[in-house]
Amino acid sequence: MGKSKNNKVVSYNKWGYIFLLPFLITYTIFQLIPLFTTIYNSFFENYRVGLMQVGPNFIGLQNYVELFSTPDIWQYLANTMIMWAMGFVPQILLSLLLGAWFTSPSLRLKGQQFFKTVIYLPNLIMASAFSMLFFTLFANEGPINSMLVGAGILSTNYNFLFHTFSARALVGFMNFLMWFGNTTILLMSGMLGIDPSIYEAAEIDGASSNQIFFRITLPLLKPILVYVMVTSLIGGLQMFDVPQILTSGTGDPSRTTMTLIMYLNKHLYSKNFGMGGALSVFLFVVTAILSVIVFKFVNSKEVK
Amino acid sequence: MGNKSETQMNQSRRIVCYVVLVLVSIMCLFWFYLLFINATRSNSELSRGFTPFFSTHGLENWNNLVHGTLPILNGLWNSFFIAITTSVLTVYFSTMTAYAIHAYDFVGKKTIFAFILGVMMIPTQVTVLGFLQLIGKMGLDDSFIPLIIPGIAAPIVFFYMKQYMESTLSMSLIEAARIDGAGEFFIFNSIVFPLMKPAIAVQAIFSFVTSWNNYFTPSLVLHTDTKKTLPILIAQLRAADWLKFDMGQVYMMIAFSIAPVIVVYLFMSRNIVGGVSLGGVKE
Amino acid sequence: MKKKILAGLLAATMVISLAACGGGSDSGSASTDSSSDAGAAEAPAAEEAAPAAEAESGGKVLNIYCWNEEFKSRVTDHYSAYTEFDATHGKIGDLDVVWNITPSDDNAYQNNLDQTLLNQESAAADDKIDVFLVEADYASKYTDTDYTMALSDLGISDSDLADQYEYTQTIVKDSNGAIKGSAWQACSAGLIYNREAAKEVLGSDDPADVQAAVADWDKYNETAAKVAAAGYTMCSVNDTYRTYSNNVSGKWVQDDKIVIDANMEKWIDDSKKLVDAGAEDTDELWGDDWAKGKRPDGKVFCYFGPAWFFNFCLDVDDPETIAAKGGWGYCAGPQPYYWGGTWICAATGTDNADAVKDLILTMTTDKAVLKDIAVKDSDCVNSKSVLADLASSDEGNIALLGGQNPYADLAAGAETIDLSNLSPYDQGCNEELQNAMKAYFEGTADKDACLEQFYAAVIEKYPNLSK
């Protein structure tokens with residue numbers, strides 16, 4: 001009896017492998033093999049100038065030496081993370097606020113459906129189109145400048161894209177606008193999953209809505225917050241089209257808005273598989289370190 | 001007495017909420033307004049700067065766009081085809097992968113789970129060079145396959161599905177189906193998959209939009225004009241020479257590219273913002 | 001209900017993607033076909049254009065690679081043997097013409113062209129590239145290789161090209177002196193000034209007087225100071241760039257080293273002074289800020305440009321512009337230079353050499369055709385005799401220049417352009433220098449830092465070079 005049941009469990013469990021197969025096969029072909037070839041390429045001199053192909057010649061760690069010979073690479077990493085944070089901080093704050101409002105039983109806001117639908121809409125505009133609109137709005141002679149000068153806030157036009165802080169802030173703001181709706185939806189779905197009886201009990205105990213939010217909602221929301229954080233961080237490291245189009249690929253001013261992927265794109269211009277590969281490996285190591293940190297964080301929560 | 005002040009407080013909180021929500025909504029909708037206005041303006045009107053009013057050149061821009069050299073209807077179809085197939089493959093196989101981890105016990109499960117969470121962090125761009133070489137060797141350059149099939153392995157969507165299953169999918173339901181003699185594949189397709197509907201709706205629209213707006217990979221893979229997707233065609237239109245350069249057309253093209261995805265979104269939005277309840281806790 | 005839709009979609013897409021896989025290299029068209037079978041609404045639209053490319057596999061095909069529609073519209077309007085079929089297809093006699101248009105943004109045109117030329121030998125006859133167009137900035141990347149045919153090998157002799165301006169041939173000469181391309185335009189350029197502003201600042205809007213005030217860079221800088229004092233901006237630093245970069249004394253790259261010429265240093269230093277004095281700005285060409293000078297209230301003194309600039313860049317159709325009121329004037333400016341122009345090259349391995357020869361001869365040496373192009377399209381054509389005709393006739397008077405006839409100046413300019421210092425790296429070096437120096441002009445970075453950024457950016461593009 002016990003034996004036959006065991007067999008049955010085993011025969012069910014083989015389905016685990018079967019169901020995993022499509023993922024693993026696809027992943028191996030389209031991600032793992034490219035990852036290995038990318039790493040392999042990073043040890044070669046391999047690029048094209050005009051119609052002339054140079055390499056592939058094995059050059060060991062030469063590409064890495066060159067990559068780290070200037071502090072530029074760290075600057076681009078810093079740019080990427082700063083612009084990500086400039087978007088993510090307001091994004092998570094507003095999303096938490098909106099999520100709390102939408103799910104609050106005592107507020108009972110009307111027109112929720114409308115607002116919930118609207119906040120996701122900016123995500124539908126492609127980043128490139130969004131950048132074009134921003135470019136026009138914030139141009140030196142653009143409407144924002146004429147409004148600010150007209151209202152007496154500025155005495156002369158301020159060229160937003162010529163100054164590091166304002167250029168980065170624009171990129172951050174655009175990322176914030178495009179993604180806060182998405183984040184709100186995810187957080188809201190987490191909040192709706194919290195058992196209402198917990199809130200009721202808290203209200204009976206006389207907890208204020210602030211207390212409920214910080215003592216109950218936030219801790220219970222941790223798994224989904226981690227999910228949001230992780231996916232946003234990944235998206236942040238991949239940041240490309242917003243700053244690319246806003247600065248016509250230059251990363252101006254003085255490359256302070258140049259992200260790692262924009263830099264990678266520069267190497268794609270000369271089909272430079274060697275340098276591009278080395279840069280990719282760097283990006284891989286950075287993400288690996290960040291992922292270890294994030295998952296340490298997740299695990300410590302699970303123990304608790 | 002206390003009750004009354006509390007309702008008053010709620011009343012004032014509600015007013016604050018509405019004010020903020022209206023402001024946020026304006027901030028979200030403004031861009032669409034701007035886009036559609038710009039789509040009705042001529043190139044020289046556009047170069048004169050911003051106005052808040054609709055102009056009269058919408059039809060002209062549309063005609064120029066349709067009769068230009070860019071195959072925009074092909075682009076629309078290509079974008080649709082790629083986005084729909086990608087999102088269908090993504091949600092279906094991510095759910096399947098999540099189910100494999102969630103419902104079965106097998107040797108190496110923990111390792112595989114950790115592996116997928118680990119690879120989730122690798123940005124696509126990291127492997128793009130190797131990816132391009134690979135598809136070149138496979139003869140898949142200038143084809144839709146390298147844009148669609150990789151959707152099967154979407155670690156981020158998998159992660160979400162796994163979280164969702166943990167809070168909502170009860171194993172007893174599956175056991176019951178097994179006792180009734182249902183096959184595992186059948187159980188997944190006709191019991192598990194439908195139960196995941198809210199999560200699927202969210203991830204389907206997210207991956208549809210991501211694919212629809214994706215420029216980076218398609219621009220590296222697709223070369224033939226009639227195979228290109230809308231974001232690539234927009235980039236081409238923007239790159240037109242001074243002889244043909246027409247921002248009016250560019251904005252019309254953007255409006256044209258966004259309209260379908262708005263329709264799809266509005267159609268699915270009830271599912272997204274309504275029924276989603278991803279449980280943070282299970283009792 | 002929705003579940004059923006989803007299931008149906010899933011089934012349909014499975015079929016489609018299977019069909020797509022089966023199609024192999026032809027997967028794009030295969031997937032289009034099968035999906036229309038599946039009854040999707042958008043499918044018929046996709047059908048319209050797609051089969052055209054495949055339909056021609058039977059006949060002879062002339063493949064022309066270019067980055068915009070300019071040459072196509074010239075051929076359509078002026079090459080009598082050509083009949084247009086649709087936006088990217090046409091016929092010359094029984095030869096099918098396919099226009100392969102890839103925009104130059106992000107280097108896409110050259111990448112595509114490179115790939116096609118590298119595959120030329122193994123390509124099927126009808127896929128072989130026959131004609132491609134190049135710009136001067138990167139012409140030698142192609143002309144100094146065996147991928148481009150010498151015109152003499154096509155049967156075009158030097159005497160056929162005698163009426164062309166020499167600089168247009170220098171650009172496409174390979175290192176052995178063979179001419180490998182031919183242009184219908186000679187885009188000598190000068191300074192296009194706002195007549196109102198000239199009267200206000202210089203007391204005269206006569207081209208000779210204005211020319212005297214900008215005859216060299218010292219005078220130009222003095223005039224710019226006056227212009228700034230009168231509340232105008234001279235122009236953008238990017239407007240003057242080409243004038244400096246056309247008059248360098250050495251190549252950008254010598255022995256794989258990047259060399260910044262004295263005249264480029266001069267551009268950097270002059271521009272910095274002028275920007276600091278408020279006499280020039282750093283607007284990007286073609287941007288909204290840059291375009292403001294087309295209207296009187298933009299308060300811009302001048303633009304730098306060639307003949308095509310008149311009709312295509314000054315918004316003459318807009319009644320509020322200076323152009324509509326005939327308010328511009330033209331003079332040669334501080335140094336002779338050229339801007340633009342397109343060279344027609346024949347690809348080695350073309351299977352339609354005769355047709356290519358005729359196309360090049362007709363479009364770039366036939367005086368009647370060139371005269372027609374000059375009059376109808378306002379191109380400054382590559383023919384000494386046609387320009388001389390125009391300079392001495394009322395046909396050459398241009399309304400937006402207040403009736404001025406600029407052709408004598410344009411022709412004189414075209415004679416003096418010296419382009420012996422071109423290199424295949426010009427495009428990248430010019431772009432990156434302008435990008436990098438912007439921060440210096442704006443005062444947000446010092447000169448050395450900007451130059452470092454310039455070197456780094458050029459080496460990213462051309463990894464074989466060094467500082």
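Chain C first. Its secondary structure comes to 21 helices and 15 strands. The chain has 467 residues, and buried residues make up 50% of them. Now the contacts. Take those in chain C with a separation of 6 or more: 72% of them join residues 24 or more positions apart.

On to chain B, and to confidence. The mean pLDDT of chain B is 83. In this chain, 90% of residues reach 70 or more.

One stretch of chain B needs a flag. Over residues 275-283 of chain B, pLDDT stays under 50. The model still has 32 contacts for that stretch beyond four places in sequence. Where pLDDT is low, the predicted coordinates should not be read in detail.

You will find C:C66 in strand 1 of chain C, which covers residues 61-66. Is C:C66 buried or exposed? C:C66 is buried, because 22 other C-beta atoms lie within 10 Å, and the cut-off for buried is 20 or more. What does C:C66 touch, leaving out residues up to four places away in sequence? The partners are C:F71, C:W99, C:I101 and C:L133.

Last, a distance. C:C66 and C:N352 are 286 residues apart in sequence. In space, C-alpha to C-alpha, C:C66 and C:N352 are 18 Å apart.

Notes:
Residues are numbered from 1 along each chain as its sequence is written. Chains are lettered from A and ligands numbered from 1 in the order in which they are written. This is a predicted model: local features need pLDDT of at least 70, side-chain atom pairs count only at pLDDT 80 or more; totals for chains, interfaces and linings use all residues. Helices (H or I, at least four residues) and strands (E, at least two) are DSSP runs, numbered from the N terminus. A residue is buried if 20 or more other C-beta atoms lie within 10 Å of its own, exposed if 12 or fewer, and partly exposed in between; C-beta atoms are placed from the backbone. Two residues are in contact if their C-beta atoms, placed from the backbone, lie within 7 Å. pLDDT is the predictor's confidence in each residue, from 0 to 100.
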